[in-house]
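The tour goes stop by stop.

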Amino acid sequence: MRGMNERLVLHLLRRSDTLTKAEATRATGLSANAVSMIFRKLEEEGFLLRGEPLRGRVGQPSIPMRLNPAARHYLGFKIGRHSYDAVIADFTGTVRARQTERHAYPTPASAEAFIRAAFPPLLRKARLRRSDIAAASVAMPGELWHWLDDFGAPHAEMAAWRDFDATAAFAQVLPGPISVENDATAACRAELIFGPDRRHRDSVYFFVGAFIGGGIVLNGSVFTGARGTSGGFGPMRIPDEPGGTRLVDHASLAVLERLVREGGHDPAALYGGQPGWDALEPVVGPWIARSARSLAHAVVSTLAVIDVEGVVIDGALPPSVRSRLVTEVREQFDLLDQQGVIRPKIDEGSFGSVARALGAAAYHISTDYMVDQNRFGR
């Protein structure tokens, strides 16, 4: 564990991109001498890089400091219901290497086989050695053996996940320490730590994947809850929408796949790299409208419980589809009764399909080099 004051400086740098000693002194309340010592230590340890001096002011030129991307590298591995995704990311969130694989459904055996095969090529592409990876993390849905009828996975094979210890299994393959986190929570973490807009201290995050999940940010940190399931929005009740009473019954790719199939199209087109799913437009447009109505209801329900400044919506969607969805959510939100809630800023997410693996890579940055006020006193 780093000292709290060092964490605080690193935390501020991550939120503001650059920081001078004078700015850090004002922001932290520490003495100028203490900040100077912290900056010197972090620079010597390779965490900080110097920028060009800021001249033209009274006194000595100020030197802005920034995070060193090469300070640490992390591996993030996403186990999804339809794909595996592994990345190596640097300290500032740049993806140095990525490898993905589609599958009909995930099993522990195929997940282990994928990461064993993917890890060496990832290192080569990133031009790193195994010893350069500071830690690894796995992002995966909770209770993978449930919800099987919604995506056609065999119960017998998926039951193997019940007793699967991901930390122990992947310790045989990946450098440690190794952590495991819910995949949508990890996506929320990626947005918070690496996203371009980090102004909101309190926000909610929705990720539209095979199902739908998300995360909650309180006091500038991801709030996972007592059991790590905060932000699991799938079961949230949605009124007056034919087709189901839960958010997952509307705003999820499992629903879109079914609609595509019923419309006589091949659902594989959803994952073929088409920029906007243009060939599927007769189905995609109504699904966007349906999802947006449901998400707007979910936002109002969330605001009734938590007063947040911002809402972020991302997903395994083409950027153009994500933009249409967010625009429609804003319009649908304005049609709902907002008495008792305050309208938040509703924005697009930044990372799309890579968010979950990138968020896994961000886990140890969050726990080792940032301040988490939600953990105080726990």
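Helices here are DSSP runs of H or I with at least four residues, numbered from the N terminus. With that in mind, select H364, which lies in helix α11, residues 355-369. Remember as you go that this is a predicted model.

**Stop 1: H364**

Is H364 buried or exposed? Its relative accessibility is 7%, so H364 counts as buried. Now show what surrounds H364. Leaving aside neighbours within four places in sequence, H364 is in contact with Y74, A135, A136, S137, P177, I178, S179 and Y369. Look at the polar atoms next. The H364 side chain reaches the backbone oxygen of A136 at 3.3 Å. It also makes a polar contact with the side chain of S179, at 3.4 Å. H364 and M37 are 327 residues apart in sequence, and their C-alpha atoms are 24 Å apart in space.

**Stop 2: P177**

Move to P177, one of the residues in contact with H364. P177 sits in the loop between α6 and β8 (178-182). Check the peptide bond between G176 and P177. That bond is cis, with omega about 0°.

**Stop 3: the aromatic rings**

Show the rings of F77 and F170. A pair of aromatic rings is described by the distance of the centres and the angle of the planes. The structure holds 10 aromatic pairs. In the pair F77 and F170, the centres are 5.4 Å apart and the planes stand at 85°, so this pair is edge-to-face. F77 belongs to strand β4 (residues 73-79) and F170 to helix α6 (residues 166-171), so the pair ties together parts 93 residues apart in sequence. Both F77 and F170 are buried. Now widen the selection. Ring pairs link F77, Y84, F114, W161, F164 and F170 into a cluster.

**Stop 4: the nonpolar cores**

Which residues have the most contacts inside the largest nonpolar core? Select F206, L247, W277, W287, L295, I313 and L325; this core has 44 residues. Colour the elements that give it two or more residues: β9 (203-208), β10 (212-218), α8 (253-262), α9 (281-303), β12 (310-315) and α10 (319-335). The largest share, 11 residues, comes from α9.

Zoom in on W277. Not counting residues up to four places away in sequence, W277 touches L253, L256, A269, L270, V284, A316, L317, P318 and V321.

**Stop 5: two positive phi angles**

Select R127, in the loop between α4 (108-126) and β7 (133-140). R127 is not a glycine, yet its phi is positive, about 60°. Its relative accessible area is 76%, so R127 is exposed.

Then go to E143, in the loop between β7 and α5 (155-158). E143 is also a residue other than glycine, and its phi is positive, near 50°. At 43% relative accessibility, E143 counts as partly exposed.

**Last stop: the whole chain**

Zoom out. The protein has 11 helices and 13 strands. Its C-alpha trace spans about 70 × 55 × 40 Å along the principal axes. Buried residues make up 53% of the 378. The protein exposes about 16900 Å², and carbon and sulfur atoms supply 51% of it.

Conventions:
Residues numbered from 1 in each chain as written. Predicted model: local features only at pLDDT ≥ 70, side-chain atom pairs only at ≥ 80, totals over all residues. Heavy atoms only, no water. Core = buried A, V, L, I, M, F, W, Y, C linked by side-chain atoms within 4.5 Å. Buried < 20%, exposed > 50% of the residue type's maximum accessible area, 1.4 Å probe, protein only. Contact = heavy atoms within 4.5 Å. Polar contact = N/O pair within 3.5 Å; in protein donor to acceptor, adjacent residues only side chain to side chain. Areas by Shrake-Rupley, 256 points an atom, 1.4 Å probe, with all protein chains shown as cover. Phe/Tyr/Trp six-rings, centres within 6.5 Å; stacked < 30°, edge-to-face > 60°.
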